[in-house]
Amino acid sequence: RLDIRAPGGPPESALPKLLAGSRWREGEARGPMSRRRRGTFGRALAKALGLAVAQAGAREVHLYAFSDTIPHPGLCALAESANELGGVVRVIGLSKRPGYILIHSHSPTLKFLMLQEVLEYEVSTGRIREDDLVIFADGHDTLLQRPLAELVAAYERWPGSPYLISGERNCWPWPHTHESHGRWDPGMAVDPNTTFRMHRWLQLSAVEFCRAIPDRGPYRYPNIGLSMGPAWRMLEVLRRNNRIVLEEDVNDQGAMWLVILRHAEELEIEIDQRGEVFLSMLQYEGDLEREPCGEDYFAFEATGLQEYCPEGRDLEDEASCKAAALRLGLHWAGAFEGPGDHRRCLHAADARDAAYFNGATEAATGPPNPSYRSLCSARAAPRNAITGAAPAMLHFNGPSHEDEAWPSCYHAWTREFRAVDKSHGFFDVDHNIFLSSDFLCDYSFYRIRDFHAHPLHGGMLEYLKDFYQLPVDPRLLAFRGNVSAIDATRLGREDDLHASSPHLHAALSAGATGRSLGVE
């Protein structure tokens, strides 16, 4: 169980061979073992990686995300922020090829189908207890900005451990009949003449759904990109949701509305309408006290005299240092190269009373000047200016990842959380393997400018050829059996994905036999 990072990170001596070659296979390390030993092993592994177990009372916390694309800068930003803020992301979907979700059926149906099967499997093995808390996130357009412990504390203000789903301003996928239903209506809405049965004495037409949800906050409508709850309750919601997806032929966002309207009281479902845990960025209207995502997004603070920043809080470039100086009301004097001098961003609290950035690679091991203090990241994301809440996760849903906000936030997260040689990475559930992000998430050769465009270099193509020859966890395959809705594509063939790009297609075609979660 890889959940909460202890302060200071893992000692190098604790990591022999665990991350060798950028990946480590759980099965190779342990072989067959009992359910009790599996739980013991998980805790031992957490300690070896410098992680403590996140607990809410006696419950552990598990952060899952869906991705069918490796690498993806959004997944990298989510995973590395989780590492620094108390967790390891458990990724489902990486045995599929990039874009598989789009050919499976009406997007985003695949995510919840896969989550149900994986969660049932992990509960059956004892990796997760039924009362443990499970968080599920879209893997590419969600970002963690506060410690997992704070996220759990905000969640626990709801009584009864509900299934909590994020809220948004836009009523989707239902037809809009009023301006309060949101500004984004992409033409993918349900036919307004369609009628849905709530129970034997109530039917609703599609145009009535937007009015059916009570308005108790600025983020009125449910969005499935972020949700959480006890594992057993989440499974109950997923089973009902996926049954509707398969039997009534709606996507899982529409299906979740039906689950809420039919079973909200029975299953203790709550919508985070005030953005207390999750914040949707679609129709963002200046909701945060600092705009996303400038140099000062995570705020700044100064240390005492002759002190360095806490580990991981250094400002690593001149632009961030200048922004910190201006935010803290200090005169900005400029950059210099001072080997053996005070590290990185500093305030000379002497007659100069000015801020400087030391660009030298080799700084003094300890602060050498009693008149200098460090300027650091406070790692404090902005609060919601409308509700006063401190959301722990952001979701750039719908077209909100199409403008300049998402790239600016990706770079803000990279500045704040990207680090190598700190055992950063994520757990690939499909292949039962831990992947280091040191190489996978290195975009130093290209500046990310767009959510969709992120080129691969030749070394990554060679990596992917090896990656796609990895076998899917045989125990997961055995648990699932011979037939699964996950493998039933309706809108194309997996073998045809990226056929127009011969180099990428060749890498994705490696190990084509038995590569999926289906029968070999």
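Me: Which charged end sits over the ring of Tyr308?

Reply: A charge sits over a ring if NZ of Lys or CZ of Arg is within 6 Å of the ring centre and within 35 degrees of the ring normal. Here the charged end belongs to Arg343, 4.1 Å from the centre of the Tyr308 ring. Arg449 likewise lies over the face of Tyr446, at 5.4 Å from the ring centre. This is a predicted model, in which local features need pLDDT of at least 70 and side-chain atom pairs count only at pLDDT 80 or more, while totals for chains, interfaces and linings use all residues. Residues are numbered from 1 along each chain as its sequence is written, and side-chain values use heavy atoms, leaving out hydrogens and water.

Me: How many aromatic pairs are there?

Reply: Rings of Phe, Tyr and Trp (its six-membered ring) pair if their centres lie within 6.5 Å; planes under 30 degrees apart are stacked, over 60 edge-to-face, and the rest tilted. The count comes to 20 aromatic pairs. Among them, Phe196 and Phe209 are edge-to-face, 5.7 Å centre to centre with 80° between the planes.

Me: Is Phe209 buried or exposed?

Reply: Buried means under 20% relative accessible area, exposed over 50%, and partly exposed in between (1.4 Å probe, protein chains only). Phe209 is buried at 0%, and Phe196 is buried at 6%. Ring pairs link both to Trp174, Tyr221 and Trp257 in a cluster.
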